[in-house]
Amino acid sequence: VNAHTLFEIGSTSKAFTVALMAMLAEEGKIGWTDRVTSHLPGFRLFDGWVTQEFMVEDLFCQRSGMPAYSLDDMSALGFDRADIIAALRHVTPVTSARSRFAYVNNLFLAGARIIELKTGLSWEDNLDRRIFGPLEMTETTTNRELVRQMGNFSSGHWVLDGPTLWVEPEDWRYRDWLRVYGPAGGIYSNVLDMALWLRAQLGQTEVAGKPFLQPGSLTYMHSPKILASPGMHGHTACYASGWIFHAFAPVPIVWHNGGTAGQHSMVALFPSAGAGIVVLTNTNSNQAAEQIAFRFYDLLMGNPVEAPHPPAWNELAGVQFQAGHFFRPAGLKSARPENPGPPLPFDRYEGRYRNPAYGVFEVRAIAGTLYCLMGPKAVPAILAPLSGNTFELVWPDYPGKSSLATFEVGAGENAHRLVVDMFADAAGGAFQRVP
């Protein structure tokens, strides 16, 4: 690794999407309090009133009322951005809108779509023309093939049980999520280019004699919108717009971390001090990125290094918001049955089952093993018997990713419904049998 090595910067990409929207606001093409439906007519959420009242700024500040990380797995199953935006209407809220913080990636896709409609250019082309080019971020891209051609890029690593380190294969079947969820976390960059981005976010950059972003835009993006964590070590954290505002002393921190499947990043600004830091790493579960950034803050502010201020940064890193982890190990939501019983003959479960968001799953017995072929890609998850009609759905080639899956079967009948815990954000995870 050197200063030019490219990393997946994960959800620190969100601030780039918000910056593009801020540019449109400066040009008078949108207003932050405009209704989303006035710019994206097909936009729908579960509740009709919330849909009509949902504002452009609501897309970026994590207060939608949806469950955290809703619809993140759709990209792994082969759905595209339009499919995910269309599926928003099927996500059952868990709180009222604007009342609680809950981290989602999906609404950044809707924001990116508005940017595309207003400019006539793709989200990717907007980044190239409006941000990467003017800031001379010459090694930053959203194009995986270009990254591979450049050659100097980091591979994602997973720390598995014990000392095992797993390296993501280049042909990993789930890699496409970086492209699909790009506006929420799909940028590749390095420390040199990200330093240019930090300077722009600190208001230190001019392009053609004008501020890259107006001071009012920077203040707006960095300002709190929803309480995220009250009293964390005595300091309040709020989500802003693609940023997290943390009210530390003597000056606040504006930061965001990002996690892709195999990499982890941290970007922090100290606007009143005119400083910032970026940390890029190539494992998915480390806490070093946050600890380094916060220790830098202590050094910069003259806080005692022996007793970090506030104390226990490593503890803070452990409870951080996990921002941008598109895929997180689902695990089994319920304990394994103590007295498991045998399943029914597998042909009683075979068939096609549909969920309004996640589409059609096909259950099929092949050579004595029950498989669930999921979504447009027909991802072949194994259904391993646990007890009776309850199985463990195990994703292929995805360490630690599994869920409970339960068939509902009438007496003497074939299964008529499949409920998968990890897809509970839409219709409670229920898939109804279809012909």
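These legends go with an overview and a set of close-up views of one predicted protein model.

**Notes for all views.** This is a predicted model, where local features need pLDDT of at least 70, side-chain atom pairs count only at pLDDT 80 or more, and totals for chains, interfaces and linings use all residues. Numbering starts from 1 along each chain as its sequence is written, and side-chain values use heavy atoms, with hydrogens and water left out.

**Overview. The protein chain has 12 helices and 20 strands.** Helices (H or I, at least four residues) and strands (E, at least two) are DSSP runs, numbered from the N terminus. The C-alpha trace spans about 75 × 50 × 45 Å along its principal axes. Of the 435 residues, 54% count as buried. Here buried means under 20% relative accessible area, exposed means over 50%, and partly exposed is in between (1.4 Å probe, protein chains only).

Overview, continued. Take the contacts (heavy atoms within 4.5 Å) with a separation of 6 or more: residues 24 or more positions apart account for 62% of them. The accessible surface comes to about 17200 Å², and carbon and sulfur atoms own 53% of that. Those areas come from the Shrake-Rupley method with a 1.4 Å probe; for residues, only the protein chains shown count as cover. As for charge, there are 33 positive and 40 negative side chains, and the centres of the two sets lie 5 Å apart. Lys and Arg count as positive and Asp and Glu as negative, while His and the chain ends are not counted. Each charge is placed at NZ of Lys, CZ of Arg, CG of Asp or CD of Glu.

**Close-up 1. Thr51 sits in helix α2, which covers residues 48-53.** Thr51 is buried, with a relative accessible area of 2%. Its side chain reaches back to the backbone oxygen of Asp47 at 2.9 Å. That is a polar contact: a pair of N or O atoms within 3.5 Å, where, within protein, one must be able to donate a hydrogen and the other to accept it, and residues adjacent in sequence count only if both atoms are side-chain atoms. Leaving aside neighbours within four places in sequence, Thr51 is in contact with Thr37, Phe43, Arg44 and Leu45.

**Close-up 2. Gln62 and Ala367 each have a positive phi without being a glycine.** For Gln62, phi is about 60°. Gln62 belongs to the loop between α2 and α3 (81-87), and it is buried at 3% relative accessible area. For Ala367, phi is about 50°. Ala367 is in the loop between β14 (359-366) and β15 (369-374), and it is exposed, with a relative accessible area of 81%.

**Close-up 3. Ile84 is part of helix α3.** Ile84 counts as buried, with 0% relative accessibility. Not counting residues up to four places away in sequence, Ile84 touches Leu71, Met74, Ser75, Asn106, Leu109, Val180 and Tyr181. Ser70, 14 residues away in sequence, is 9.9 Å away in space, C-alpha to C-alpha.

**Close-up 4. Asp73 and Gly78 are both in the loop between α2 and α3.** Asp73 is buried, with a relative accessible area of 3%, whereas Gly78 counts as partly exposed at 31%. Setting aside neighbours within four places in sequence, Gly78 is in contact with Pro376 and Lys377. Asp73 and Glu145 are 72 residues apart along the chain, with 23 Å between them.

**Close-up 5. Gln204 is in the loop between α9 (191-201) and β5 (206-207).** Gln204 is partly exposed, at 46% relative accessible area. The side chain of Gln204 reaches the backbone oxygen of Gly274 at 3.2 Å. Apart from neighbours within four places in sequence, Gln204 is in contact with Arg199 and Gly274. His157 is 47 residues from Gln204 in sequence and 35 Å from it in space, C-alpha to C-alpha.
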